[in-house]
Amino acid sequence: MRPFRDVPIKRKLTAIIMLTSSVALVLASVAILSYELITFRRAMVSELSSLAKIIGANSTAALTFHDKKSAEETLDALRANEHIVSACIYTPDGTVFATYFRDSATTGQIPPAPQEESVQFNKNYLTLSLPIFLNGERIGAVYIQSDLEEMYSAMKQYIVIILGVLLLSSFTALFLSSKLQRVISGPILHLAQLARRISSERNYTLRAVSKSNDEVGTLIDGFNQMLEQIRLRDAALQTAADELEKRVEQRTRELQEEINERKRAEEKIKKSEMLLSEAQQVSHLGSWEWDIPTDTVTWSDELYRLYGIEPHSISINYESFLMRVHPEDRSFIDETVRRSYESHEPFAFDHRIVLPDGGIRWLYGRGRVIVDGSGKAIRMMGTSQDITERKLAEENVRKLQLRYHSLTEAASDAIISINEHSEIIFANRATGRIFGYSMEELQGQDLTMLMPDYLRALHKQGFRHYLETRTRHLDWEHTELKGLRKDGLEIPVELSLAEYTDEGHRYFIGIVRDIAERKRAEDTLRESETRFRSVWENSADGMRLTDENGTIVAVNDAFSKIVGMESAELVGQPITITYYGDKDVGNMLWLYRKRFEERTMEIHTERIITLRSGKTVYVEASHSFIELENRKAFLLGIFRDITERKLAEQRLQMLAHTITSLNDCVCITDLNNTIISVNQAFLTTYGYEEHEIRGKNVTVLRSPNNPESLTEEIVRAALKGGWSGELMNVRKNGEEFPIILSSSVVRDSNGTPVALVGISRDITEQKNLQRKLDEIARQRTEDLVKFATSIQSAQEEERRRIARELHDDLGQRLSGMKFNIEVFEEAIPKTDKATISKLNQLKQQIDTMLTEIRRISSNLHPAALDDFGLLVALQLLCKEFEKIHRIKVKLHSPDTRMVRYDPHVEIALYRITQEALSNVAKHAAATAVSIQLAYHNNTLYLSIEDNGKGFDVNSIRTERATDRGLGLISMKERAEYIGARYSIESQPDRGTTIQVEIPL
């Protein structure tokens, strides 16, 4: 199976679309299924909890009067729900009081009595336990077990529906992706086919057809432009190559003759400058005359040709002459001519001119000034000579001299030049290193000073004999001799000699090599060969050695890895073996052999190569020739796969395009806050043109309303890791607006900070929207407060109604039952003591119920609050609390008069006190409570303090409302409802204090 990267692009697009769609659908389905499962479980728990509460509420009387039959009848109502498997009611001591079973199979499966409320899910059942309370006292518990068949049935339906949707969506996505991917893959496949055709046919006149203006269309247009540039370049290169070849052949023949002619001409110029000046006026070099008063310049035909202009085709004046001078020489020539005009002195200079076709030509110009009888300059005359070739020759000579000097100075062998008298006229630095002399000590000395005594006479005799007869007394190539160092030490040397003649004088050059150094060099060469082989075998760069015919001689493992072929497949094959497709193999090899023969192979190049495997890579190649002693030569090519680097460069280009296209403002500054670059969104937001803002300090954008040190703070924070926040900026028109800014540092490859990048966004609309949302939230809060107020009013009204009905209706009925029992008791014989005892117990229960009803009625809405006011109601509440909970309560009030306050204030303070005492009884474990009610400076104060175990107020505030109960929330809401300031202070083991202050 082919790797995914080798799959056709249309299949890749289809696969990517299908994968993305499938993953998204599966995730959405899982999320929906999970949500439905959680929702269904919560609904079941809520439903079962409601049933348990109803059962518990309906069973309080049965538990109170030990009416088991009534409790079982209450449980039997669960039969209406077919999913309830079993249920049970427990007494306070954990004894089973009443049970319910859906069928006989589940009989006896009742768990122990629960101690607290619990909900449990297992594989097949949901079980719920709920305590039963009456007047805050736990009188029993209820247990209900339900099966999960309804939930599993619903989940199966959801899964079937989701699978159907997934299957249908997948087929739809496959159909649409297979159709729509052609919009992208079609042009790319067309472009790839055309590229292969051009590569095989080398026909650069072919063009791709663009059918869109998107990125693919841009790619096709760029590909067409590249083909046109390649076609034009090939034509121009061929023409230039033909012309250059002809000119090289011609110039090569004329170069030595021209150099000699130039030297003789320069020698004659030095001997008779005046004679040469007059000869130039009538020569064919090109003459000119400038009529200064009329600013008319007359050129000879040759001078027109020198400037590349058809003779007499245009009129010339001084300014038009200057415009044809090279810009770098123009000011010098103008200054020279004007100085000659003022001093009447002749002038001469070398200068460059620019030909109409853009070419450069060197001219040697001379001129003189002609004055009238009064001494005023009226004309200038002169000549111009084309010295381009001489300049090139001089440059070549200078380069040759520089190379010769560099070669001799860099040579490790001693190079010594002597004249006919055996006097040293030149010695390089290596001579001093080998023989121990300085250059000054060698200059002008006899060569024999570098020889042992026994060789000096032999040298003089043989040298003199050679000058007379040209007969050599020793071999001039690689002759081994002895040399003498300055310190008297004899050293073995190898001598090679050469003779040359300059201006009739004979000179000799000797190259002296220390044999010991050569031996060390040979050893070094062997080591170098070992190192080269190590480099060859272990180099990460691919290396290929080819001969003059383009045949691969050797490759290293890295090269085989780059082209994806084994070494055995490459060695002995032509270089075209690694390329893909049916390229013109013959033409490639012909071009290679031609360049190999001319030694014109590209030294360093980058190219895109399609390998034999079809893989396209970017390659960086370097070539060098290896010349062997037997005149055999090889070409060493070093190749480096730079595909990742090129792709990284492309990614950088795309990143730059992304930054330019961002809707957020991007501003790049140096470390001194000078703006270097901005994107288009920045210019649009701030109203600047790019040239207006670039180079300015970023502080021009800051509002004066920002802190003074804000800019420095941003820079410091960005250098440490980044800064983000909101601030005010200023547009070009002076308008201030808020932005959100994120600033970070840009570092070079060494980790040194080089620039800062700020990405900002105009949040004016966001701020306006936030203000609107705040206003809506404020209004909603007010509405909620009003709603809570109305709820509390409705609650109080409902409590008042329920309290009245309990007291008037249920209380009267119980009193009537007690009266009937007493009547029935009188009719029973005194001897029936058992019946009388049961009736007495029943009357006591009725009395207890009447007392409890009065207490409940009082808690729901104390009648004393309506009749006598807040102080009396609080006194009664405290007495009842002491009686029930055995906790001492002290109520302090400086004013014992029954002062009446607003009814809403009285009921709120009463409820706050009632809730606080309830919390003391449930949680505080206190032994005493102190309540203070006072009125001072139009403010009513209520303080409730206990000596209980206290709690951490901050931890309670961070808990969810459902975790900490509604008591504290209720007290706070009641205080806020009447416009009071509410506070609570508490610490572990230090009690709790609640304070309420109500301005009246």
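How many aromatic pairs does the structure hold?

## Aromatic pairs

The structure, a predicted model, holds 14 aromatic pairs. A pair of aromatic rings is described by the distance of the centres and the angle of the planes.

## The W290–Y318 pair

The ring centres of W290 and Y318 lie 4.7 Å apart and the planes meet at 10°, so this pair is stacked; the angle falls under the 30 degrees that the stacked class requires.

## The Y592–F596 pair

Y592 and F596 form a tilted aromatic pair, with 5.9 Å from centre to centre and 40° between the planes. Both residues lie in helix α17 (residues 585-598); because they are four residues apart there, about one helical turn separates Y592 from F596.

Buried means under 20% relative accessible area. Y592 therefore counts as buried at 6% relative accessibility, and F596 likewise counts as buried at 4% relative accessibility.

## Aromatic cluster

One aromatic cluster is formed by W288, F332, F347 and F349.

## Arginines over ring faces

Two arginine–phenylalanine contacts may be listed here. R41 lies over the face of F121, at 3.8 Å from the ring centre. R599 is placed over the face of F625, and its distance from the ring centre is 4.9 Å.

Key. Residues numbered from 1 in each chain as written. Predicted model: local features only at pLDDT ≥ 70, side-chain atom pairs only at ≥ 80, totals over all residues. Heavy atoms only, no water. Phe/Tyr/Trp six-rings, centres within 6.5 Å; stacked < 30°, edge-to-face > 60°. Helix = DSSP H or I, 4+ residues; strand = E, 2+ residues; numbered from the N terminus. Buried < 20%, exposed > 50% of the residue type's maximum accessible area, 1.4 Å probe, protein only. Lys NZ or Arg CZ within 6 Å of the ring centre and 35° of its normal.
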